[in-house]
Amino acid sequence: MKQTSADSRMTVSGKRILLIISGGIAAYKSLELIRRLRERGALVRPIMTAAAQQFITPLAVGALSASHVYLDLFSREDEQDVGHIRLARDCDLIVVAPATANLMAKMAQGLADDLASTVLLAADRPVLVAPAMNPKMWAHPATQRNVQQLQQDGIHFIGPMAGEMAESGENGLGRMAEPLEIVASVESLLDGGEKPLKGRRAIVTSGPTHEPIDPVRYIANRSSGRQGHAIARALAKLGADVTLVSGPVSIADPEGVKTIHVERAEEMRDAVLDLLPADIAVMVAAVADWRVATSSDQKIKKQPGDAPPMLSLTENPDILKTVGHHAHRPTLVIGFAAETQNIEENGRSKLARKGADLIVANDVSPESGIMGGDRNRVKLITRDGIEDWPDMDKNSVADHLARKITQMLETS
Ligand code: C5P
């Protein structure tokens with residue numbers, strides 16, 4: 001069985017990335033970011049603020065990037081070499097990682113008092129910002145005002161993520177996105193405008209189903225719909241005509257996608273079958289395996305002295321299996337496998353049983369924090385082998401999966 005790593009296609013290869021490193025402990029992750037970008041063939045030109053140099057050295061940044069490291073606005077040598085205006089323009093994308101609250105405040109105000117802020121003010125290229133700061137600083141109304149302003153100005157954001165802070169051990173929103181998550185955002189920004197799935201119809205299911213016991217009670221599960229919704233959005237970004245069939249969730253409908261809301265598995269099945277034919281089906285919903293055989297039309301009343309009611313369950317339709325064996329089977333049928341043990345083995349048997357081309361298997365044991373959380377670690381199981389993807393946020397998994405789908409369609 002062949003083992004490959006997540007394929008990041010060629011979007012980054014040969015692209016010129018201006019990496020601005022500002023001063024925070026997360027700067028150590030920028031060294032790894034430089035490596036990840038360079039191994040994909042990107043050319044990385046670094047700028048470091050004075051504060052960044054307190055955390056990592058220009059020597060390390062220079063060695064890993066194989067580039068001159070730009071430090072000073074008033075360096076006669078650097079100005080003669082490239083000059084700050086050309087630094088800002090001679091690139092395909094500017095990445096600020098880590099972006100401190102201070103640098104973001106300067107960007108929002110248009111201040112230019114050092115090389116990094118001056119270049120950012122002179123830039124006419126897309127800018128991606130990866131904030132990193134203490135959760136209290138991130139949550140501060142001043143920072144939030146600046147973020148809003150920067151978003152209005154067209155600046156792109158990745159993170160910050162939730163988690164433990166390196167310095168204080170505090171938990172909360174403020175941790176810089178992991179290097180591979182930043183790489184995924186870089187890829188999708190550089191992909192911009194490319195619509196390889198234009199003209200393809202995709203159906204995505206997402207969320208849990210609610211199976212009624214009576215008019216007020218139901219059987220449900222912990223699915224949040226985040227992964228399925230992110231996949232619908234990612235496919236739409238690549239130009240696909242996407243319909244999302246969503247069970248009851250508390251998150252917003254994704255932009256650029258037609259969303260059909262359902263409650264029960266049978267409604268979800270009907271909605272999906274109505275959408276055939278299609279090119280792509282990605283069945284992410286955590287469909288309840290069973291429903292109550294005869295749900296009550298009236299609320300079941302608790303009577304003093306009565307034994308609890310017996311619930312008799314019956315099997316729900318398997319939507320993935322139905323689609324995988326349908327006369328109008330989409331070219332690409334993809335299922336998810338939420339497992340707590342024997343992930344690969346169960347994924348492989350599911351591939352065969354459900355008639356799928358790809359099973360995305362993940363570990364949903366309670367300690368993984370995946371169910372309902374914002375991260376995911378998946379293995380992709382096809383007839384040709386297994387790909388083991390690193391831990392990423394669910395949006396990055398979705399972006400990578402959308403690219404994988406594009407590739408599979410191109411070669412099918
Ligand atoms: O068999 P299992 O529930 O583990 O399979 C998971 C995969 O099958 C997911 O892709 C899920 O969306 C799909 N599924 C379905 N209908 C069901 C049960 C699962 O579409 N009734």
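By salt bridge I mean a side-chain nitrogen of Lys or Arg within 4 Å of a carboxyl oxygen of Asp or Glu. Please keep in mind that this is a predicted model, in which local features need pLDDT of at least 70 and side-chain atom pairs count only at pLDDT 80 or more, while totals for chains, interfaces and linings use all residues. Residues are numbered from 1 along each chain as its sequence is written, and side-chain values use heavy atoms, with hydrogens and water left out.

Now the overall picture. The C-alpha trace spans about 85 × 55 × 35 Å along its principal axes, and the secondary structure comes to 14 helices and 22 strands, where helices (H or I, at least four residues) and strands (E, at least two) are DSSP runs numbered from the N terminus. Of the 412 residues, 51% are buried; buried means under 20% relative accessible area, exposed means over 50%, and partly exposed lies in between, with a 1.4 Å probe and protein chains only.

The domain assignment, which is automatic or from a database, gives domain 1 (5-193) and domain 2 (201-411). The contact between them, counted as heavy atoms within 4.5 Å, takes 14 residues from domain 1 and 13 residues from domain 2. Taken over C-alpha atoms, the centres of domain 1 and domain 2 are 36 Å apart. The size of an interface is often given as the accessible area lost when the parts come together. Here the buried area is about 1,200 Å², and carbon and sulfur atoms give 49% of it; that area is what two parts lose on being put together, with a 1.4 Å probe, summed over both. Across this interface the rule finds 2 salt bridges.

How many salt bridges does the structure hold? The count is 27, and I will take a few of them in turn. Arg 16 forms a salt bridge with Asp 92, with the closest N and O atoms 3.5 Å apart. That pair links distant parts of the chain, since Arg 16 sits in strand S2 (residues 16-21) and Asp 92 in the loop between helix H4 (84-89) and strand S4 (93-99), 76 residues apart. Arg 16 is partly exposed, at a relative accessible area of 33%, and Asp 92 is also partly exposed, at 23%.

The side chains of Lys 29 and Glu 178 meet in a salt bridge at 3.1 Å, N to O. This pair too links distant parts of the chain, with Lys 29 in helix H1 (residues 27-39) and Glu 178 in the loop between strand S8 (171-175) and helix H9 (179-191), 149 residues apart. Is Lys 29 buried or exposed? Lys 29 is buried, because its relative accessible area is 9%, whereas Glu 178 counts as partly exposed at 28%.

Finally, the surface. Ile 25, Tyr 28 and Phe 55 form a nonpolar patch with about 290 Å² of accessible area together. Patches are made of residues with over 30% relative accessible area and no salt bridge, like charges being joined within 9 Å and nonpolar side chains (Val, Leu, Ile, Met, Phe, Trp, Tyr) within 5 Å. Phe 55 lies in the loop between strand S3 (43-48) and helix H2 (58-65), and Phe 55 is partly exposed, with a relative accessible area of 37%.

Terms used:
Areas by Shrake-Rupley, 256 points an atom, 1.4 Å probe, with all protein chains shown as cover.
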